[in-house]
Each structure stands twice: as structure tokens, then as C-alpha cells.
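Thanks, everyone. I will go through a few features of one model, starting with charged pairs and then moving to helices and the surface.

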Amino acid sequence: MPDSLILGIACALIGVWAVFGGSPRVAVGLAIALLGLHVLLYSTLADDAFITFRYARNLADGHGPVFNPGQPVEGYSNFLQMIVLAAGRRWFGADIVTTARVLGTVCAGLTIWVTWALARRVSTEVFASSAALMVAVSGSVAAYAASGLETSLFALLVTAQVLAWIRGWWILAGLLLAAGTMTRPEGILMMIPAGAWLLSEQRSALARTALAAGVPLVIWTMWRVSYYGYLLPNAMVAKMGMDPGYQLQLGALYVLTACMGHPFWLFVGAGAILASASTWRRLNRTDWVIVSVPCLYLVFIVAVGGDWMPAWRFVAPFVPLSAVAVALICSRLTQDAEVSPFGWRGLAGTVALTSLILSVTNEDMVPRVRVWNAQVSGLSTIGRWLHDTLPADTLIATYASGALPYYADLPTIDVLGLTDAHIARNGFRERRGGTGHVAHDYPSVAARRPDLIVLTGNGFDRQPRVWSHPAFATDYRPVQFQFRHGTNPLGQYVSVLVRTSRSAELVSRLDHTSAVARHLP
């Protein structure tokens, strides 16, 4: 569907929402429909999601939760998502990629409903409906809903957990805290506002909530340590070791640019400025806890240096609670004033339209995601090519350990260490590099003598280009191939490093298919 048509329908939905959004069912239904169009605009499929897909496939096929069979390394940080995908393949024969994308989209839609339900408990109907709309037009939410990542599932669990606090469902709140932590490591941070809430409002429920969260988390942690041998996931350790000051700078810049993509956050700042001391005193303990959750996670995002992926992935799980906080603050600010529902919906519709336009025009949003999608498509094609031409015991090393190794289905060394214990825990550190790309140990990779190395995460190149490293200069030689009938917008060429001792054999195999021709330098 052309972008212009998607945008036209989306704008029409916003207009309908502004006019007929007085009914909660209509308002939430339109917001969910708008999210569907917004997701279609991005159509993201994240490369890192394929790391979890490979773990899920190996688990479903009886090899255990591993990246390479026989090598227990915790290269994922989304246990719950991995288990769900593995169960779908094992019990129902479901395609893992499709299951992950459908799961994420459904979770994003449910998050809109939970956002409205939570906002309705702490504000008025018109502000609650506006909160649901703000989630639908968030570029971060839309970009990662169908990406295959756990982002939408985590957003749903965190938002539902806060709703469970408000409703007094203490055991459910504890279980959701445990599930959130099993979905993303930072989910454990919800213990801070949860503890503050329970100590101030419901001390009698503290034991029940702690038990509901603690039992599954302790069992899960004991299993992880016994199976993988470490407390911290390998994928987390591989990203540690940057210069702290530089990491904070990256994190602050990340949050600031994210604010540019979420106009409704301006209401938070405007509300804080306009509110008098008496207005702030109207916020009760419940209000303060709700407002504190997105603030807490923004501090976390700054502390870890943000993220390298486009459209601010780390922000997406906390957009719903940010929208609830905006609804809450606006409700308190207008407590003594008469708010015109139609006028407010018109204002909210204008903000929503601005957000939608930003999705298309901001270089960090749809434009950058489109390039990323092309890269992932290229890596997928290269992976299938390797799978179709190389023996099943061929050892490869890759810079991007997502789609390429997933489709190649060959033993793989992860150059960045996300799924490699030695590189993650004993490798060198790029102290002032890009966020998430910190650990490396090229001499270690060379010492393990992989048969073929792919050192690019870009997929295809427009012109022949050699991707190499001094550690591979002695035992490897670069070879370029052209996908003669390729349609990838980034190009047709791919460069690989082939072990010299097996060069003739491997190049002959890779040159076998008519769709690929060896490029002679």
C-alpha cells in the first residue's frame, strides 16, 4: 500500500476520532485502527530479533535454548518471548518470524486498551481517550510493534502492572513484575515504584506481591545460572565497558532526540511550568508513583547510553505510561476549569497529526527504518545463499548475528560477542564506540579458524567493497560476489573472507547458483 494512501487514511481516522471520539469504544477502536496503519507504514523487521528466533528454533527442535547446539550461552535477554515462540513452533508448527510479528502487533493493540483503562482510573474520559491516541501515533511504538522484538510485549506487561496496582490486584501485579523482568532485564526496576506504592498505600499486600514476583524470579534465576553459568546474560555483558562519561552523553542525546519525535511530551514540560504549587499538591501518592515510572526509565535509558536502533526502541515501552502521566497532569491542571471535550479532542488530534507527520519526515524514523529493513532483507538473502551452497558443518563468523545466521543455519561465531561467552566476558572494549557494539576480539575469532567470515551488517553494497581486518590478513582472502538478479535497493554486491586453505572448494560452492556470480577484482 503506498505511503500516501496510508497517511491519507490515517489522517482521516484522526479526524473521525476528533469528531466522534466521545464514545470510549469508538475512541479506543479508532486508536487501535490508527496504530495498525502506523505499523504498516514502518513494517519493521529487526535484525536482532533473529537472534531470539534462532534460540527459539533450537529449543523447539530439541537442542535447548542455545545459539549453537552444544554451546550454552545466554545471548538473548527476552526469555519469555523466546519461550512463547518456541512453544508455537513445537506444539503448533507455527513459523517463528510470523508468530513474533503477530504477537508484537497484538500486544501493541492491547497496550492501547490498557493505557486507556489506566488513564481512565486517574483522569477523565476525554484525557484517557487522548492517552490511547498518543500511543497509536508514537513512531517508537509503531516501529517496533511488528519488528519481531519483545518491545510491545514488555510495554503491555509494564502498563498492565501499573493498572494492577491501581485496581488492587496484588498477586497479578507481582506476576506481571516477574513476567516483565523475564521479558527485559530492566523490568526489575519496577520493584522501586512498586515497593514505594505498597509501603505507602498497601503494606498488607507487600508480602503477597513480593511472593508472587519472587518465587518465579528465583526459580528462573537458579535455572539460568545452572544452565549458562553466569548471573548476567551474555548479551548484556557484551554491551558493557564504554567510557562512563561518553555513555551518559550518548544517553542524554538519545532522550533529547526522542523528545523531538514525541510532541505530546511537550505537554509534560508545559504542564510542569504552568502548574502552581497548589496544583502540584493535588497530586496524591498514586499520581506521583505513576508519574515516576516513565521518569525512572528515562534515567535508566540515559545511564545505559540509549540504543543504536532507529526510532528510539528503548522509549517505546514507556510511551503508554508517559501518555497516562500527561493525561493525569492535564486532568489535575484543569480540575477547576470546564474543559470542552470537542475542543480538547481537536487539540489532541492536532498533536496526533504532528506525530504522524514526524514519523515520515524525521530521518531517525521511517526513512532510517526503511534502510534498516533493506539491510535485514539483504542479510536474509545472504544467509539463505550460504545455507543452500555450504556444507552443514561449515563454521562461519558474522558481524551481524541476526538474520544472516538464522537463515544460514550454520555453526556461527558472533564477532560482537552477543552470543559468544569468550568475546563478551574476556574480549576487548570499544570505549567510545557506538552503543551496543562494545565487545570484540578479532584475534580470538581468527584463532578459531572459521571457514568464512562476513564483516558487514549492511547486507549488500552498491559497488564491490572489501570488508576485512588485520587479524585475518594471513589466513584469509577477500572474495566479492554479485547477486546478478538482485533487487535489493542497497545494491547487489557482497564481500566475504574465505579461509585460504579451503578457498577453492568454498568459492566453487558459492559460485554454484546462477543467481550469484563471483566478482573478479
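The structure holds 17 salt bridges. Keep in mind that this is a predicted model. I will take three of those pairs.

Start with Arg 499 and Asp 451. Their side chains meet in a salt bridge, at 2.5 Å from N to O. Arg 499 sits in strand β7, residues 493-499, while Asp 451 sits in the loop between α22 (442-447) and β5 (452-454), so the pair ties together parts that are 48 residues apart in sequence. Are these two buried or exposed? Both Arg 499 and Asp 451 are buried.

Now Arg 509 and Glu 505. These form a salt bridge too, and the closest N and O atoms are 3.5 Å apart. Here both partners belong to helix α23, residues 503-510, and they are four residues apart, about one turn of the helix. Arg 509 has a relative accessibility of 36%, so it counts as partly exposed. Glu 505, at 35%, is also classed as partly exposed. Salt bridges with shared partners link Asp 451, Arg 499, Arg 502, Glu 505 and Arg 509 into one network.

Glu 186 and Arg 184 are both buried.

Next, helix packing. How is α5 placed against its partners α3 and α6? Helix α3, residues 49-60, packs on helix α5, residues 96-122, at an angle of about 120°, and the axes are 10 Å apart. The two are therefore oblique to each other. Their crossing is right-handed. Between α5 and helix α6, residues 125-136, the angle is about 150° and the axes are 8 Å apart. Angles over 145 degrees count as roughly antiparallel, so that is the term for α5 and α6. α5 passes α6 in a right-handed crossing.

Last, the surface. Which residues form a nonpolar patch there? They are Val 16, Val 19, Phe 20, Val 26 and Phe 342, and together they have about 450 Å² of accessible area. Helix α1, residues 3-20, gives the most to the patch, with three residues. Val 19 lies in α1, and with a relative accessible area of 44% it is partly exposed.

One more residue, Trp 288, is found in helix α16, residues 285-304. Its relative accessibility is 42%, so Trp 288 counts as partly exposed. From Trp 288 to Val 494 there are 206 residues in sequence and 54 Å in space, C-alpha to C-alpha.

That is what I have for today.

Methods. Residues numbered from 1 in each chain as written. Predicted model: local features only at pLDDT ≥ 70, side-chain atom pairs only at ≥ 80, totals over all residues. Heavy atoms only, no water. Patch = residues over 30% accessible without salt bridge, like charges linked within 9 Å, V, L, I, M, F, W, Y side chains within 5 Å. Areas by Shrake-Rupley, 256 points an atom, 1.4 Å probe, with all protein chains shown as cover. Salt bridge = Lys/Arg side-chain N within 4 Å of Asp/Glu carboxyl O. Buried < 20%, exposed > 50% of the residue type's maximum accessible area, 1.4 Å probe, protein only. Axes fitted to C-alpha atoms, helices over the stretch in contact; angles between N-to-C directions. Parallel < 35°, antiparallel > 145°, perpendicular 65-115°, else oblique. Left-handed = near helix turned anticlockwise from the far one by under 90°.
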